[in-house]
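Subject: Structure handover

Hello,

Please find the structure below. My notes on what was found in it follow.

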Amino acid sequence: MAEQQIVLRRLSDYPYKSIALGTTRANLTGRWRYWRPYYQTRRAPCDAHCPVGSPAIGFVQAASDGNWERAATMLREENPLAAVTARVCYRPCEAACHRRQYDAPIAIQAVERVAADQTVEVPAFPAADRPRSVAVVGSGPAGLTFAYYMAAFGHRVSLFEARRDLGGLLRYGIPPYRLPKVVLDREVERLLAAGIQIRSDCRLGRDVSLEELEAQYEAVFLAPGASRSLAIRVPGEDTGAVTPGLEFLRRVHEGGIRGLKGRVAVVGGGNTAIDAARTALRLGADAVILYRRSRNEMPAHVDEIDRAEAEGVQVETLVAPVELQRRGRTVTGLVIRRNELGAPGPDGRPVPVPLPGTEETWPFDLVISAIGEAVDADVAPGLTWGSAGLVVDEWGRTGRAEVWAAGDVVDMPRTVADAIGRAKRAALLLDARWRGLDPAVMLSRIQVAGGPAVSMAKYREALAGQPSSRAEDVVAYDQLNAEFFEPAAPRVALPQLPPGDGRHSFREVVGTLSAEAAASEAARCLSCGHCNGCDNCWIYCPDLCVSRESGHYHIDYDYCKGCTLCVAVCPRGAISTTEERKWRG
Amino acid sequence: MERLILSGNHAAAYGAWLSDVQVTAAYPISPQTGIVEKLAELVATGRLKARFINSESEHSVMASLIAASETGARTFTATSSQGLALMHELLHWAAGARVPIVMVNVNRAMAAPWTMFCDQSDSVAQRDTGWIHLYCEDNQEVLDSVIQGFRLAEQVLLPVMINMDGFYISYTAEPVEIHDLETVRRYLPPYRPPVRLDPADPHTLHGGTDPTMFMEMRYQMAQAMDRALTVAEQADTDFAALFGRRYGLLDPYRCDDAELILIATGSVMGTLREVIDDHRARGEAIGALKIRYLRPFPTDALRRALAPARKVAVIDRNVSIGMGGVFWQEVRSALHGTEAASKPVLGVLAGIGGRDVTPRSLETVIDLARSDDPPERPFWLDLKR
Amino acid sequence: MDPAAPATDAELLNPGLNSCPGCMAALAMRHVLRTMGPNTILTLTTGCWAVIDGSFPYTSSKVPLLHGAFGTAASMATGVRAALDILHKDDVQVLAWGGDGATFDIGMSALSAAAFRNENVLYVCYDNEAYMNTGVQRSGATPPGARTTTNIEVGLASPRKKNIVEIMASHGVPFAATASTGYPDDLIDKVRYAKEIKGFRFIHIHTPCPTGWWLPPDRVVHVARLAVRARLHPLYRVIDGARYVIDLDPPPVPVSDYFDEQRRRMHGLSIEDAVTIQSEVDRRWQVLTARARAC
């Protein structure tokens, strides 16, 4: 609040001696400024890297305050399958966490897990003006997510699942020691409560066609996954001597396989191969993974590989099967040949080059193939299929009007988190279209750090006509100020079954932290890009321009000289600068 | 009221005691040390309820007293020559700050060369600082001037310097009346500045002032100094009513029909009165004029007092090298533009560095003043040639 | 800190200061005044702050402020204290404020006298290591190798910086401490402590100056912290001239890190000079820690 200038015109205006008559508030030092600091929340790297668009920093901050209800609400709004991702996601958030460069990343997933276990009600989503009918094919992560959001918006959703039980790969592909079925059941039940009609034992292409669905529903969402195991291409494979990995896991899940003896070979290096090997181990067999490239190229997550080995799985790299050894219908072994790595191929990965003369015969009692799964174009032959899957645009639309798709059926990264994220995006964009809004404009509004993930919180803001509350530039580590971080605290150790114990049962290997332990782990969060009221800007401003009021800071631009000390001392990088435009009126 | 045999120094200290001084700071310097010691004793024995600061230099003395005065306390100090010079920048400051400090300066010649003995070169060099200056003739006048000085200072808000000759007054003992404290308190009310340093009513004092505003501050000081002429006279009149003694801005002695008037200040006046009486006894029309106030300079009173004289001589116990005695300059300046400007005004430099000014010395001055061809340039009295 | 809580110590300065952008002397005054509270009288001597407060007829101060001549912060404070005491206002705090020029140099004798008399005042020296207000001339606080407009010698040939806290401690004053605007919590803590005790209290605040050290304004806090971490300005206090306490010991850095941040200012130092300075700093740190342990 400025003051008037004081002008002494006559002798009678003077005080009787040199006593100040006013304050320096009359001196508007804000005019000196060349750089203007301003508070601007930036994207934290954890948020930016989450394929789901989960508010990692949001729920971590809430957890560090012990406010689990808020943590859970923020989380559930953005991630309907939080208890699942809290177990099976490969934590790109933690890989991106800036604290990694200071000491060790925050165990975000462990915090997510405690939040996911809370019972909360997400505030109602803005209801659609006109409820529409939607068919969802597939109840894996993509299908469940799309169905949930559509139902939460008030649309009438029918979910078609080829198998008897819901969950897709979550149920049939991921073993219970990673994702207990009781957890999955709870998640599915919670989603169904949004109001989703189920038709199970109903397979697209066999029991119902795409055209029928298009006729009966205003939109169709395809998420049938990819479950056609790729052949490892050894002679004799098609006699049934080689068991596809997903089929193996399904049969174990359904109780069709209860015990295994002898040695099991698992061909492949991805998640399915690891799961198959560790499952075989638990059924009593010795498990050997055969992978044609080196360990570095294995698609499976390195934590999973390490864990498998710790449990006793043998991992053989740079080997490929050449020939099955059989006695009648029974498998007795594999002839393997060693490889070396050659030049990068078209996908950028080094091509394995067989080394002649290195063949060996290894005894096995069971051979499982887990080198990947292909999509089944037969489910909807009228659509455009590429070599890697169904062709969709940036929003998730196929070439056919109001036929959308996401998940493994589409050419995209094959993780649970990515599937959830894309399905969420498709749901929000379709809903936006149905509200009469332009999905292209909406997408740019709700993208997190340039996509692919989108934010439900930003969608609410957009629907409410509010301006966007944050910039989408991601805070770089050098925009933080590590000088003001608390002394290094060690990352929490997660409760885990010792590998020696874990391998003997299907009990969940990694446990849940206590709320206290999770909260103190969350307190290690640096709050990248988000003001958390540390007061550094306020304490270091030499010009008394920063004031604080109910958790918000304000800059008095009448006096701010633009020294930008506030920007430099902000540990979070939550204050930005812009040039003060003085000469352009 | 009691009468004590007191040195000039002790008389000054008693003057401060009677004035209910609240904060005093001082640094000892001959021939002033008696003031500091007596004040310390008065405070230590509880007779004077004041804070006594043992400052480490005169510069700090004046800085502390300015600050104490700004905080609302009545302040007093004493110094001499080198010490007065050391606080020079703060003398300007105190006047510009309009703080009513009263300081007794014991006149002592400025070094180099080193000396302890009396002349006025110390105080006249501070003429331009904005302080009120007065010069005392004897010990009683010192005590009385301190009391009058506070009243004058606190009314016009300018500091007051009271000068007394080193050794002749400061270390010479005479009978001095110590007035009744309650009567003095009737004459001198408690100090209540309009603005002071007080957290209950915060003010910032003396921040940097630019050319568009500085001159008026100085003008206000000039106005205060002008008012001081009237206020000083009134203070003197009121003092006389209560204590029976008056000193005036000037003190003409047998000047009404004098053809020759000798002007002097300080202890020399005592000797000069005796010499005038001798000449008057022989029927000569001769008088002496004591200048008490150098600042404000009582121009009108001086012109009236010198009206009868055909010749004037000014005896300066100081010299501004290159021009002459300061009182001589001031007198001639005051007479300028009047009919009296054509009177011959002889300038005499006497007693510099503590050289005695005897009756015989003064005879020389009279002879010189009466001669047909008195020197135009200042005359160095009793100089070895 | 809880952002929801209102500021417990209200600001006692108005904005609109005449300080340079990034001025650490302004930051120092802000926190000291805030902590001292409104029942304070401030005596301010010549230097940057005499200008920062604003020209007549404006002021930034919400407490009574007396400007004074150069080198008189301690003697003014003495006078204010005497007047307050005789006027029965001994609860009012007296805060003397001077820069390194006013404290280490021209006001040194007044400072020493006030400390000797154990005057009941808090004297705060803000140290930007040169006479900054008059344009970066050297002072008794200018460290060897620092560029000013008036040092003739180069590098380690320059005189050493006076250790003002040790000088104060040797007077046996109740409290003498270092502080830094890089560590405002420690500064505030020390002012709070000083406020509660009587007698002569002295705080030496290191206040790097962006203008006089040729630094971008937004680097000064970092530089201030480096000075502490390099142990060139360790944060400690001396109680009654005898008991040493090290207040903060942040992770140390070599002095060359500190010098590297100020290449324009410390251009007079060679790599060998930095090595010599490092061993001197290490030696002084040993002495300091030994004293702290012995207490």
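**Chain A against chain C**

Glu483(A) and Arg225(C) form a salt bridge, with the closest N and O atoms 3.4 Å apart; the term stands for a side-chain nitrogen of Lys or Arg within 4 Å of a carboxyl oxygen of Asp or Glu. The count of such bridges between chain A and chain C is one. The elements giving two or more residues to the side of chain A that touches chain C are strand E1 (22-23), helix H19 (536-540) and helix H20 (565-569) of chain A. Helices (H or I, at least four residues) and strands (E, at least two) are DSSP runs, numbered from the N terminus. By class, that side of chain A has 21 nonpolar, 12 polar and six charged residues. Here Ala, Val, Leu, Ile, Met, Phe, Trp, Tyr, Cys and Pro count as nonpolar, Asp, Glu, Lys and Arg as charged, and the others, Gly among them, as polar.

Before the rest, some conventions. This is a predicted model, in which local features need pLDDT of at least 70 and side-chain atom pairs count only at pLDDT 80 or more, while totals for chains, interfaces and linings use all residues. Residues are numbered from 1 along each chain as its sequence is written, chains are lettered from A and ligands numbered from 1 in the order in which they are written, and side-chain values use heavy atoms, leaving out hydrogens and water.

In total, 39 residues of chain A and 42 residues of chain C take part in the contact (heavy atoms within 4.5 Å). About 3300 Å² is buried between chain A and chain C, and carbon and sulfur atoms give 60% of this. Buried area is the accessible area (1.4 Å probe) that two parts lose on being put together, summed over both.

E1(A) is also joined by two bridges to strand E2 (residues 58-59) of chain C, and the two run parallel; strands pair if DSSP finds at least two bridges between them. Gly22(A) stands opposite Tyr58(C) in this pairing.

**Chain A against chain B**

Here nine residues of chain A are in contact with 18 residues of chain B. The area buried between chain A and chain B is about 1200 Å², 61% of it on carbon and sulfur atoms. One salt bridge is counted between chain A and chain B: Lys17(A) forms it with Glu70(B), the closest N and O atoms being 2.7 Å apart. The side of chain A that touches chain B divides into seven nonpolar, one polar and one charged residues.

**Two sheets**

In chain A, five strands form an open sheet in the order E8-E16-E9-E10-E11, with parallel pairing. Its edge strands are E8 (242-244) and E11 (314-317) of chain A, each pairing on one side only. Strands E9 (residues 263-267) and E10 (residues 286-291) of chain A pair over five bridges, and Val264(A) stands opposite Ala287(A) in E10(A).

In chain B, an open sheet of six strands has the order E10-E12-E11-E14-E15-E16, and its pairing is mixed. At its edges are E10 (250-253) and E16 (379-380) of chain B. E10(B) and E12 (residues 286-291) of chain B are antiparallel over four bridges, with Ala288(B) in E12(B) as the bridge partner of Tyr253(B).

Regards
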